[in-house]
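Here is a short briefing on pockets and salt bridges. The structure comes first, then the points by topic.

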Amino acid sequence: MSLPILQKTSPAAESQHSFKHHHHLFMEYYNFPNYKKSKPKLFRLFFLFVALCFFYSIGTYDFEIQGLFGTNPSPTHCSSAVNNNICCDRTGFRSDVCYMRGDVRTHSASASLVLHDPSLGNTTTQSEEELIRPYTRKWETSVMSTIDELHLVVSGNQSRRSSCDVVHDVPAVVFSTGGYTGNVYHEFNDGILPLFITSKRFNKKVVFLIVEYHNWWVTKYADVVSRLSDHPPIDFSGDNRTHCFPEAIVGLSIHDELSIDPKRTHDNRTTIFHFRAFLDEVYRPRARALLIQVEQTPQSKPRLTIVSRNGSRAITNERELAALGERIGFKVAILRPERTTELAEIYGVLNASDAMVGVHGAAMTHFLFMRPGTVFVQVVPLGTDWAAENYYGEPAVKMGLKYIGYKIKQKESSLYMEYERDDPVLSDPESVNAKGWETTKRVYLDGQNVSLDLKRFRKRLVRAYEYLMVSKRRLLG
């Protein structure tokens, strides 16, 4: 049986581009045969202790105000840049980043940032120009071709210099919210995490200039933006005023899939654990307000949350899975996020969980909301092995989670009923994926559901449960 204990009704259905607060989240809690409301204080205290140990070991969570040049993430490039000059680091595989220092002025009509150099005199020619598309998937020419290109110009023509409509005494960071924005994985991997890496050093004394500005993105990530900047973001194309800055970074630094390489950060010590602590700061206050209506009583069972999918790659025997989790000893909940569900709601549920189970897909990005020391079990459908491991498995380990991957067998995929046993779709997924992304998407991402072999999957849940219980006993001595 199931009992819904948390349900919020949103206004009329909204599209991704009209995102508003107070969205819909449906939670089901299971207990077989009896249901009791509960709140696992011991587990929360344990994992709070584990998280604090992680954070203490990597140093305090501080922000330092430093100049752009000489502390950039690529110390071997642009470190000797000087005033009134543009330095572009194009050595990265994932993104280009350009640095401007001096009298930097926006000119949205020409998609330009102009650096005025008085040493050039009143010349009519430009001494330097760089072109850049400020998005973090540099190697994907198809999506990069959709990103607005900016002109970065050094000019000495004083007579053509636009007067400042708005004068800022802090640097600008310029980036695009185009491309794959709209998919939560890309929003975090290509946007939020690189924005954190790039702007953290400024201690909120920075202005964000957004190319391809979307109101829904600004609303959805308002709490993130407000904790990285004291200033409202600016719509670069939509604001025709001339904004003047003493410095600008155009483009964002990105390291790897949902990861941070401390050696490439401005202080050589910022890690993914700092980002995880940042997410606590962003979402915890709102989550507490949203979840305060949930009544629970103390108990010691570890909490397992199953992240449900609608449509493709759904677990068709989800309720049986929940019952199995209860029999093993978990307090089980099914999280059913909708496209417009507020992120703080998802954070609140997962941050309070001890284990998370879900099928490979963009929603697995939410492992970022799990506490270090907890368990992430990812169900890996046919044809998704590489992506599941690289996009979520490895990053989860780097963030201190106990990662358990579960590669399904042919019989656990709905494709088993659609293809002959010797068809490459079943017998050789790599050869099918080699045909290209569209084939992968059609066959494996959009074309299959999962019916778990619960006898086989039980071993993973038992492993997760025993890991949590051993960790608890160690803490309690």
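**Largest pocket**

The largest pocket has a volume of about 1600 Å³. This is a predicted model: local features need pLDDT of at least 70, side-chain atom pairs count only at pLDDT 80 or more, and totals for chains, interfaces and linings use all residues. Residues are numbered from 1 along each chain as its sequence is written, and side-chain values use heavy atoms, with hydrogens and water left out.

- A pocket here is an open set of points on a 1 Å grid over the protein atoms alone, where a 1.4 Å probe fits, with protein on both sides within 12 Å along at least five of seven lines; lining residues have an atom within 4 Å of a point.
- The volume is the space filled by probe spheres set on the points.
- The lining of the largest pocket divides into 20 nonpolar, 16 polar and 14 charged residues.
- H9 gives the most to this lining, with five residues.

**Salt bridges**

- The whole structure holds 26 salt bridges (a side-chain nitrogen of Lys or Arg within 4 Å of a carboxyl oxygen of Asp or Glu).
- Asp385 pairs with Lys407 in a salt bridge, with the closest N and O atoms 3.0 Å apart.
- Asp385 sits in helix H9 and Lys407 in strand S17, 22 residues apart.
- Glu412 forms a salt bridge with Arg456, the closest N and O atoms being 2.8 Å apart.
- Both Glu412 and Arg456 are buried (under 20% relative accessible area).
- One network, joined by salt bridges that share partners, holds Arg90, Asp96, Glu130 and Lys138.

Methods: Helices (H or I, at least four residues) and strands (E, at least two) are DSSP runs, numbered from the N terminus. Ala, Val, Leu, Ile, Met, Phe, Trp, Tyr, Cys and Pro count as nonpolar, Asp, Glu, Lys and Arg as charged, and the others, Gly among them, as polar. Buried means under 20% relative accessible area, exposed over 50%, partly exposed in between (1.4 Å probe, protein chains only).
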